[in-house]
Amino acid sequence: MADVLARHERVWLDETSWVDVVRGWLPDADEVFAAVLERADWFQGRIFRYERYVDEPRLSASSSTGLAELHPMLVEAHRSIRRTYGVEFARPALAQYRDGRDSVAFHCDRELRWLEDTVIGVLTLGASRPWLLRPRARRSEDAPNGGATHDIRPASGDLLVMGGRCQADWHHAVPKVPAALGPRISLQWRWTSRQGRPETGPNYRAPRTYSR
């Protein structure tokens, strides 16, 4: 597997926030996709929204049982991204978007709390679909694409790595799409330097009520 930075395109979102895009980073991505789709222990997450629990519009899975059991190629992927960025990523979390109806709204990874210096890697397997970015200060839900300024739209085997102040100053999303699509799987590596001022307030999974 080639070194990430030998093949990457760095997209500067502003002076302190960036996304590395490596097209076709993972060899045999279709084979890996089929294995992970079958072998991961997928579950339906639930979150409390406005006085009731609702199903998340995607499935989740953990890689805590071991990446080799999902596919041996993921072991090398894990080693490569840690080696390239020089940070101690834990094993990745997994998400599955079953079709165009599944999605995740604009958000930043607030569960890390310290967002001023982070590295977040996202490996896509399966169907290609929009993957949007917009400045965190921009709230344009009625604008086209929710006010997104970038659409990276990764394909199977593509790697995205967000860094710098990207989580502090930018939001990302996987929107619903009307077209019929097959499943998309993402593996997500997260690291924070724990520097700067920690975030306050609820994260994505925190309950939301009408009083907020």
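Mentor: Helices (H or I, at least four residues) and strands (E, at least two) are DSSP runs, numbered from the N terminus. By that rule Thr-192 is placed in strand β12, which spans 184–192. The model is predicted, so local features need pLDDT of at least 70 and side-chain atom pairs pLDDT 80 or more, while totals for chains, interfaces and linings use all residues. Residues are numbered from 1 along each chain as its sequence is written, and side-chain values use heavy atoms, leaving out hydrogens and water.

Trainee: Why does Thr-192 count as buried?

Mentor: Buried means under 20% relative accessible area, exposed over 50%, and partly exposed in between, with a 1.4 Å probe and protein chains only. Thr-192 has 14% relative accessibility, so it counts as buried.

Trainee: What does the side chain of Thr-192 reach at 2.6 Å?

Mentor: The side chain of Thr-192 reaches the backbone oxygen of Trp-114. A polar contact is a pair of N or O atoms within 3.5 Å; within protein, one must be able to donate a hydrogen and the other to accept it, and residues adjacent in sequence count only if both atoms are side-chain atoms. At 2.6 Å, the Thr-192 pair therefore falls within the cut-off.

Trainee: What makes Lys-176 exposed or buried?

Mentor: Its relative accessible area is 52%, so Lys-176 is exposed. Lys-176 is placed in the loop between β11 and β12.

Trainee: Which polar contacts does the side chain of Lys-176 make?

Mentor: The side chain of Lys-176 reaches the backbone oxygen of Arg-101 at 2.6 Å, and a polar contact of 3.2 Å joins it to the side chain of Ser-103. The C-alpha atoms of Lys-176 and Asp-102 are separated by 6.0 Å, although these residues are 74 residues apart along the chain.

Trainee: Why is the pair of Trp-18 and Tyr-85 called stacked?

Mentor: A search of the whole structure finds one aromatic pair. Its ring centres, those of Trp-18 and Tyr-85, are 6.4 Å apart and the planes stand at 15°. Rings of Phe, Tyr and Trp (its six-membered ring) pair if their centres lie within 6.5 Å; planes under 30 degrees apart count as stacked, over 60 as edge-to-face and the rest as tilted. Both values meet the limits, so the pair is stacked. Trp-18 lies in strand β2 (residues 17–22) and Tyr-85 in helix α4 (residues 72–85), so the pair ties together parts that are 67 residues apart in sequence. Both residues are buried.

Trainee: Where does the charged end of Arg-134 sit?

Mentor: The charged end of Arg-134 sits over the ring of Phe-106, 4.1 Å from its centre. The rule asks for NZ of Lys or CZ of Arg within 6 Å of the ring centre and within 35 degrees of the ring normal. Arg-113 lies over the face of Trp-114, at 5.0 Å from the ring centre.

Trainee: Why do β6 and β9 stand at the edges?

Mentor: Two strands pair if DSSP finds at least two bridges between them. The open sheet of four strands has the order β6-β11-β8-β9, with antiparallel pairing. β6 (104–107) and β9 (150–151) each have a single partner strand, so one side of each is left without a neighbour in the sheet. β6 and β11 (residues 170–174) pair in the antiparallel sense over two bridges, and His-172 in β11 is the bridge partner of His-107.
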